[in-house]
Amino acid sequence: MSYLRFEKALMTNLEESLPRELLRTNRSGAYSCSTIVDCNTRKYHGLLVVPVPELDDDNHVLLSSLDVTVVQHDAEFNLGLHRYQNNNYSPKGHKYIREFDCDKVPTTIYRVGGVILKKEVVFQHYENRILIRYTLEDAHSNTKLRFQPFLAFRSVKHFTHENGVASRDYAPVEGGISTCMYAGYPNLYMQFSRKNEFIYRPDWYRGIEYPKEQERGYASNEDLYVPGYFEVNIKKGESVVFAASTSECKTRGLSAMFEKEVEERHPRDNMFHCLVNAAHQFHNKNNGERYILAGYPWFKCRARDTFIALPGLTLSIEEDNNFEIVMQTAIKGIYEFMEGKPLSVKIYEMEQPDVLLWCVWAVQQYAREVSHEKCVEKYGKLLRDIISFIFADKHPNLHMKENGLVYANGKEKACTWMNSSSNGKPIVPRTGYIVEFNALWYNALRFTAALGGEAGDTQTAEKLNALADKVQKNFVDIFLNDCGYLFDYVDGKISDWSVRPNQIFAVALDYSPLSPEQKKGVLDICTRELLTPKGLRSLSPKSGGYNPMYVGPQSQRDYAYHQGTVWPWLGGFYMEACMKVFKRTRLSFIERQMVGYEDEMTDHCVGTIPELFDGNPPYRGRGGISFAMNVAEILRSMEMLEKYSYKE
């Protein structure tokens with residue numbers, strides 16, 4: 001039986017099928033995303049969603065969906081599904097679904113009387129082109145397929161509504177038509193591998209509703225434009241390939257193009273292969289540069305996310321070359337930032353104070369997975385320059401104090417990964433000496449010193465180790481409290497006693513400022529108060545302000561974002577800390593912890609991990625449907641687990 005297969009009972013039950021989403025990407029910024037029954041429930045959903053750099057920095061939905069109707073003996077059976085206002089679904093094509101399988105490519109089997117129709121979907125790599133192959137597996141009489149495209153031509157952040165500005169013009173092209181609703185957009189080419197007839201019948205379908213936007217407290221309905229429909233005669237055993245793209249193609253090559261794309265897909269037949277597939281979807285190629293997208297469907301490339309996710313998305317799956325390629329782009333951005341130049345790369349939030357420290361951590365993983373020698377060769381200068389930049393107090397919001405610790409101002413603007421805000425002010429105003437910043441700083445000093453020593457630069461190594469000794473003593477003096485865990489931040493006489501997961505980094509990093517006993521104390525409280533089957537809570541239920549349910553309108557969700565919600569990427573560092581403190585004695589415990597993530601392979605967005613989870617049972621997935629840091633840290637945990645399992 002397939003790993004990712006859903007039977008008829010689930011597919012025809014909308015309460016079960018609509019929450020399950022499916023994502024396909026092309027590694028160039030475009031994507032295709034909907035539910036497993038092809039009913040769009042978000043404004044971000046669409047069959048062809050592409051960047052349009054001539055307009056803005058957002059993605060744009062060109063082709064929202066494609067309804068297919070089976071026609072036999074003048075009887076019509078529409079396989080589409082849309083939600084309209086007042087919870088009305090039409091035309092309810094999901095009732096014809098017999099099964100859905102997405103182990104290799106998403107495949108839906110429909111049964112209408114004696115007709116069995118198979119639909120397979122792929123997104124062409126590095127081209128803004130979605131390919132759908134329809135195969136008539138069984139039919140007892142003449143059959144016709146009718147294809148009705150629903151067009152949006154709008155940003156993923158907005159909606160389209162019936163208007164007199166939208167162009168209704170179209171032009172015949174080989175095997176189909178091209179059309180463009182608004183100036184500034186690229187043409188949409190809709191083509192078929194078989195002879196077809198296009199019937200021009202322009203109309204607007206009004207009041208289509210997106211329930212996920214309702215849940216999030218946003219506007220939730222729009223009108224979609226249908227220019228007409230295509231008709232194709234098809235016989236038993238025959239196939240037709242539909243292509244929607246921003247460029248025209250030769251239709252006689254569509255079938256071969258589809259087969260080639262299928263051959264390049266690897267089966268998602270277990271959790272690891274699902275996550276590898278998800279890891280590849282975060283890679284983004286733009287103007288010759290390589291990036292890591294922070295997630296889907298609304299995230300862009302963010303500096304902190306890039307460095308945290310990069311090792312897991314590349315090194316943990318033996319793709320060292322991809323690590324190096326992405327780092328080339330990131331290093332360009334780092335030097336532009338440190339030199340005070342405008343960034344030429346599309347990496348956001350490079351100015352955040354912990355970004356350079358996470359960069360050092362990412363390079364450290366490269367040294368561990370590849371070799372120290374190659375790390376010195378490729379990134380030795382980068383490490384020295386980062387340390388010198390911080391040491392010289394050139395960073396606008398990361399200052400080394402006389403005690404050796406680093407200080408950041410987060411009172412007016414959030415400066416850590418806990419970055420939610422309300423009315424322009426941080427909801428979690430972490431400021432001053434921040435625990436993970438200083439754990440990362442200590443780790444960076446020791447690691448850079450170790451590499452310098454191995455490379456023969458003993459003078460630099462001695463200098464950095466002396467500073468690290470000072471940092472270690474003052475870290476413990478400032479952060480370790482009488483209850484045996486670490487303050488989240490300390491600013492003057494203010495010490496934040498909230499039990500938060502940021503202290504786990506002081507245990508998980510290769511170089512820890514804590515003693516073995518202190519590490520165990522931190523790990524124990526994280527286990528008791530923060531650990532869930534989906535990762536670590538962002539705040540203990542025993543701490544003030546605990547708000548674990550990420551639901552409701554934007555303002556309500558902002559106040560819950562880092563006040564008790566669960567983040568799987570933190571769970572990755574927790575598992576690393578466990579293995580470092582308890583070695584093999586906790587392997588079975590860690591293996592059980594991984595089961596909580598495997599459940600997600602068939603929930604939320606199939607085959608990947610969402611952004612966060614509610615902090616209370618049943619720990620529902622929330623936020624972005626696929627999140628790079630979460631996928632990365634679970635992959636890195638799986639690799640660590642395998643290594644520890646084989647240790648003597």
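I began at E324, which at 13% relative accessibility counts as buried (under 20% relative accessible area; exposed is over 50%, partly exposed in between; 1.4 Å probe, protein chains only). This is a predicted model, in which local features need pLDDT of at least 70 and side-chain atom pairs pLDDT 80 or more, while totals for chains, interfaces and linings use all residues. Residues are numbered from 1 along each chain as its sequence is written, and side-chain values use heavy atoms, with hydrogens and water left out.

**Entry: the partner of E324**

I looked up which residue E324 pairs with, and found a salt bridge to K374, closest N and O atoms 3.6 Å apart. My criterion was a side-chain nitrogen of Lys or Arg within 4 Å of a carboxyl oxygen of Asp or Glu. K374 lies in helix α9 and E324 in helix α7, so the pair ties together parts 50 residues apart in sequence. Helices are DSSP runs (H or I, at least four residues), as are strands (E, at least two), numbered from the N terminus. K374 is partly exposed, at 32%.

**Entry: helix α9**

I followed α9 along residues 372–391. Y379 is buried, as are C375 and G380, among others in α9. The buried residues of α9 pack against α7, α8, β24, α10 and α11, contact meaning heavy atoms within 4.5 Å. Just after α9, D393 takes a positive phi of about 60 degrees.

**Entry: other salt bridges**

I searched the whole structure and got 50 salt bridges. K300 and D58 meet at 3.3 Å, N to O. Both sit in loops, K300 between β22 and α6, D58 between β4 and β5, so the pair ties together parts 242 residues apart in sequence. K300 is partly exposed at 25%; D58 is buried at 12%.

D488 pairs with R430 at 2.6 Å. They are 58 residues apart, in the loops α11 to β28 and β26 to β27. D488 and R430 are buried. I also found one network of salt bridges with shared partners, joining R368, D510, E576, K580, E633 and R636.

**Entry: cysteines**

I found zero disulfides in the whole structure (a pair of cysteine sulfur atoms within 2.5 Å). The sulfur of C180 is 18 Å from the closest cysteine sulfur, in C249, too far for a bond. For C359, the nearest is that of C375, 10 Å away. C359 is buried, at 0%.
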